[in-house]
Amino acid sequence: MKQTVLMLALCVTALLSVWLVTESQKKGGVVDAIEARRSIRAYKDTPVEREKLQFIAECGVKAPSAMNKQEWELRIVDSKEWIDECTATYLKAVEGTEKAKYMLTPTFKNVFRNATAVIFVAAPDGLFSGVNVGMLGQNMMLAATEVGLGTCCLGSVQMLFAEPAMEKYITSLGFSEGYKLSYALAVGYPDEEPEAKPRDMSKIKFVE
Ligand SMILES: Cc1cc2nc3c(=O)[nH]c(=O)nc-3n(C[C@H](O)[C@H](O)[C@H](O)COP(=O)(O)O)c2cc1C
């Protein structure tokens, strides 16, 4: 009798755990955004509303940072002229090289993976710098997904702005002394629906 009760209790506990996990996944919000997010590299020409860009940036700044120092700066660019001029200058600087070939895909619109808006993120060098801006970035990407926008994290802007001809554009972002560009976040209304890229869950291990 005791054994039956114990077995029953174990079964109920197991079922409850499965139900809890499933329910928490159904609630929407952050888990839905994690599942739905993709790196988007094709965008509609529709400009992104400034309220949405502000919302995304604020969600970023709500991320945790080491000792809450918030050692990051964000610059939002939604000017088509700025983006197009920047693109033309870069393409001229790298004309005929492999760098140009890498950029010029058949659907090419601009050097920020064709986005209509770009959020540049800079931070000073530091032990937790990468972790801080990473947290900021993921918050922004999930917030953007939540409001129907696509994003793509662009580490390549570090190379882009390393071209001497691009100096005036990085200067125009007006980052504080000691802050270095870390990445840019391409933002816009998605014009593609890519499949999820595979993930390797074997990287996760419980330690007994
Ligand atoms: C730090 C970092 C830098 C990245 N740089 C670029 C980039 O320069 N250009 C690009 O197209 N994608 C870039 N990506 C996007 C990755 O290629 C993408 O996240 C990865 O292939 C997984 O695809 P998913 O984001 O759709 O899940 C970058 C992502 C991260 C996290």
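Which residue forms a salt bridge with Asp78? Arg50 does, and the closest N and O atoms of the two are 2.9 Å apart. A salt bridge here is a side-chain nitrogen of Lys or Arg within 4 Å of a carboxyl oxygen of Asp or Glu, and by this rule the count comes to 8.

This is a predicted model, where local features need pLDDT of at least 70, side-chain atom pairs count only at pLDDT 80 or more, and totals for chains, interfaces and linings use all residues. Residues are numbered from 1 along each chain as its sequence is written, and side-chain values use heavy atoms, leaving out hydrogens and water.

- Asp78 sits in the loop between strand 1 (73–77) and helix 4 (80–93), while Arg50 is in helix 3 (residues 50–61), so their pairing ties together parts that are 28 residues apart in sequence.
- Helices (H or I, at least four residues) and strands (E, at least two) are DSSP runs, numbered from the N terminus.
- Glu85 and Lys168 also meet in a salt bridge, at 3.9 Å from N to O.
- Glu85 belongs to helix 4 and Lys168 to helix 8 (residues 167–172), so this pair links parts 83 residues apart in sequence.

- Lys101 pairs with Glu98, with the closest N and O atoms 3.1 Å apart.
- Both lie in helix 5 (residues 98–103), 3 residues apart, or about one turn of the helix.

**Buried or exposed?**

- Buried means under 20% relative accessible area, exposed over 50%, and partly exposed in between (1.4 Å probe, protein chains only).
- Asp78 is partly exposed at 26%, whereas Arg50 is exposed at 59%.
- Glu85 is partly exposed at 43%, and Lys168 is exposed at 52%.
- Lys101 is exposed at 58%, and Glu98 is exposed at 57%.
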